[in-house]
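Subject: Structure handover

Dear colleague,

Here is the structure for your files. My notes on what was found in it follow below.

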Amino acid sequence: MTHEQLWEKLVEHQGEPFFTVKGLPFQYRVKGGELFVDRRGKSITRATIIKAYERIQENPGEITGPKKLNAFGAPYIWAIFKQLKIC
């Protein structure tokens, strides 16, 4: 999946319910190059999401959870990726 396809998929699924590993519900909205999670006051940038995606692609066996992503907003990124079967 290209970076553009990844972002398009995220845009398609905004507003849907997601759950973190701990079972916390959340939704997100995409505005420009940022993803806004309703449980946080800050946004997760497109660059951060793409970097996390690349980490998973480079080390698929090593990235087994959000902490391994080593990225801002990792619990949300991981939950979205898992639910959308991106990783």
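Strands E3 and E4 form a hairpin with two residues between them, and Gly32 in the turn has a positive phi of about 65°. Helices (H or I, at least four residues) and strands (E, at least two) are DSSP runs, numbered from the N terminus. This is a predicted model, in which local features need pLDDT of at least 70, side-chain atom pairs count only at pLDDT 80 or more, and totals for chains, interfaces and linings use all residues. Residues are numbered from 1 along each chain as its sequence is written, and side-chain values use heavy atoms, with hydrogens and water left out.

E3 (residues 28-31) and E4 (residues 34-37) run antiparallel and are joined by four bridges; two strands pair if DSSP finds at least two bridges between them. Val30 stands opposite Leu35 in E4. Tyr28 and Val30 make up the covered face of E3, while Arg29 and Lys31 are on the uncovered one. In a regular strand the side chains alternate between the two faces of the sheet.

Helix H4 (residues 74-83) is mostly covered, with seven of its 10 residues buried. Buried means under 20% relative accessible area, exposed over 50%, and partly exposed in between (1.4 Å probe, protein chains only). The buried residues of H4 are Ala74, Tyr76, Ile77, Trp78, Ala79, Ile80 and Phe81.

Most residues other than glycine have a negative phi. Asn70 is in the loop between H3 and H4 and is exposed, with a relative accessible area of 60%. Lys85 lies in the segment after H4 and is exposed too, at 70%.

The largest pocket holds about 220 Å³ of space. A pocket is an open set of points on a 1 Å grid over the protein atoms alone, where a 1.4 Å probe fits, with protein on both sides within 12 Å along at least five of seven lines; lining residues have an atom within 4 Å of a point. The volume is the space filled by probe spheres set on the points. The lining consists of Thr20, Val21, Lys22, Leu24, Pro66, Lys67, Ala74, Pro75 and Tyr76. Helix H3 (66-69) and H4 are the elements that give two or more residues to this lining, and H4 gives the most, with three. By type, the lining residues are six nonpolar, one polar and two charged. Here Ala, Val, Leu, Ile, Met, Phe, Trp, Tyr, Cys and Pro count as nonpolar, Asp, Glu, Lys and Arg as charged, and the others, Gly among them, as polar.

Regards
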